[in-house]
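Open the model in a viewer and keep the selection panel at hand.

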Number of protein chains: 2
Amino acid sequence: MRYPMFVLVASILTLHAGSGTRPIGAAEKALLPSWTAGPTRSAIIEFVEAVTREGGPDYVPPAERIATFDNDGTLWVEYPIYTQLLFAVDRVKELASQHPEWKSQQPFKAVLEGDRKAVAATGMKGLMEIVVATHSGMSEEAFAAQAGEWLRTKRHPRFQRPFAECVYQPMIELLSYLRENEFSTYIVSGGGVSFMRPITQTAYGIPPEQVVGSRVATEYQVKDGKGMVVRLPKIDFIDDKAGKPVGIQTLIGRRPILACGNSDGDFEMLEYTTTGNGRCLGILIHHTDGDREFAYDRESHVGKLSRGLDQAATRGWVIADMKRDWKRIFAEKSRKVLQ
Amino acid sequence: MRYPMFVLVASILTLHAGSGTRPIGAAEKALLPSWTAGPTRSAIIEFVEAVTREGGPDYVPPAERIATFDNDGTLWVEYPIYTQLLFAVDRVKELASQHPEWKSQQPFKAVLEGDRKAVAATGMKGLMEIVVATHSGMSEEAFAAQAGEWLRTKRHPRFQRPFAECVYQPMIELLSYLRENEFSTYIVSGGGVSFMRPITQTAYGIPPEQVVGSRVATEYQVKDGKGMVVRLPKIDFIDDKAGKPVGIQTLIGRRPILACGNSDGDFEMLEYTTTGNGRCLGILIHHTDGDREFAYDRESHVGKLSRGLDQAATRGWVIADMKRDWKRIFAEKSRKVLQ
């Protein structure tokens, strides 16, 4: 179908008009459909329109439109316990008969006794110890197959959907909206990079090379003539707190202009993002919805959010309140492929 | 303009025909214009056509078309001494008055005495020591500004063109050709990632996030309210030899299907690439042209190539012989912007 010239001209004029003077049209109403109309959704749209408006004072070229997202509690459910820790629990149980010493040694003791709170209390460091003990000694490709299979089949205890589908629909829409506006969308997570990569394309439309995370040391080995990268029992890097800007620099090499997190582990990433030059946006997801998801912040054993809540207003960070700002938490059905 | 249906059908049939039975048309003649017609150029084109032919036995989806390129001696001149080492020499001279101990301490002694062979003899390790001593203590952004300025202005002693333009025109064409065929083109270099990133977009059309390299440790710091990533005087990772597959896994998370290097420092990257599943291509640039560039291989103090020459035939790696396969070495003029 061909469009008359006046329709094209009208469209172009509409696209280039300032959002402040423009009545909200059907196209804008359709943006971010799972986000409630209000200041949070408006702040996001206003930011995206400002940095993409050619010739405008806040214009940012597409190559520099880097957006970084925490994963646990920001893109998918982290409560009551980090997903990777549940995967590790299953691995510990599988391997326990080969490790009698684990019965009296933390964090393994807590894992085998099913004491989730005690496991969570060991924090990201405890998680990494379990990762080191249970997630090494195989090639990266073998580990990816194992993690991917688990994430696609193991179900969340409350939501009874596979972990790979315990992803927040409003965030899926935000990621797509940003990519439609020529942003590059990255995950920057405290979780293991190799644990997430097998499912990020399907779950979020984010390819493996746009995932930054914690990692174990690895080594190149040749077995039967085939080269492979093998995981070693040693932590190489923890991509949490002040590690996040370091991880961003190592893998991306640019300062983001948008960062989104939900815990104090994301504080430095948001600070780094919002103290650069030019227009920027920091977003904190606040878990306020105990009915539809979980309600937790300052005193939580996972995803603790305290410093961020205290400083969001003075730093100009936007709080996305799940109860107020999200019409729905999950997609209705499984999504097999995302663009 | 609309095309009659028969033209579309004819085009589709042509696109899907095997290259073996098709006469070489104008379009193919225009490919890789700085490469001499012959087995090397044909092997590259045949590979690209095979992995991009939908429905063909060797088809690889665009997302998995990862191509990795060494930098020194593969994309730009590395002879008679690595470019980053020359940058370091200038930095050492600038800082020497603050470091009297350098007069008797290698590799600094050799640098200050102008003994390039002795500097080169300290190898990648020596380079990294100089990097540690002279390239730390500033933010990544400050270092990028410094390195970028130097690369755009300092000239190669023989070619009298800025180092950022001592890039091989046939390789620029190869990178563009691959990207036109929906490959992602990465640099995977023993050189410092932060040294290269400031100029890779302009020099090669490769953005900073697609550069893998050696790195110093970094730390997040806040100065006057501004977050920044600061370079520390400690080597974090050397992206050379067996480090290359590790660097690829860390930053990209996929096994390449094409790898190109020029020295034994690239051996493991080519081995890793060409021992995966499915169709793959390994290319070694052989410096054979002392008239137009430099001739060196087995006994060279930089870019030593011995193991690769011995094993290329049995492994099916293609040798790009600069004298035979390249019509020209450099672009005629400066190129300001590359797509």
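This is a predicted model: local features need pLDDT of at least 70, side-chain atom pairs count only at pLDDT 80 or more; totals for chains, interfaces and linings use all residues.

Residues are numbered from 1 along each chain as its sequence is written, and chains are lettered from A and ligands numbered from 1 in the order in which they are written.

**Stop 1: both chains**

Select chains A and B.

**Stop 2: the interface between the chains**

Now select the 28 residues of chain B in contact with 28 residues of chain A; contact requires C-beta atoms, placed from the backbone, within 7 Å. On chain B, the elements giving two or more residues to this side are strands S3 (211-223) and S4 (226-237) and helices H11 (243-251) and H12 (267-274). Helices (H or I, at least four residues) and strands (E, at least two) are DSSP runs, numbered from the N terminus. Coloured by class, this side of chain B shows twelve nonpolar, seven polar and nine charged residues. Nonpolar means Ala, Val, Leu, Ile, Met, Phe, Trp, Tyr, Cys and Pro; charged means Asp, Glu, Lys and Arg; the others, Gly among them, are polar. Both copies use the same surface, as 100% of the contact residues of chain B recur in chain A.

**Stop 3: the domains of chain A**

Chain A is assigned domain 1 (28-79 + 153-325) and domain 2 (83-144), with bounds from an automatic or database domain assignment. Their C-alpha centres lie 25 Å apart. Between them, 26 residues of domain 1 are in contact with 20 residues of domain 2. On the domain 1 side, S4(A) gives the most, with eight residues. That side has 13 nonpolar, seven polar and six charged residues.

**Stop 4: a helix pair**

Select helices H4 (residues 83-95) and H7 (residues 123-134) of chain A, which pack at about 40 degrees with axes 10 Å apart. Axes are lines fitted to C-alpha atoms, for helices over the stretch in contact, and angles run from 0 to 180 degrees between N-to-C directions. Which residues of H4(A) and H7(A) make the contact? Show A:Gln84, A:Leu85, A:Ala88, A:Arg91, A:Val92 and A:Leu95 of H4(A), with A:Leu127, A:Ile130, A:Val131 and A:Thr134 of H7(A).

Technical notes. Two residues are in contact if their C-beta atoms, placed from the backbone, lie within 7 Å.
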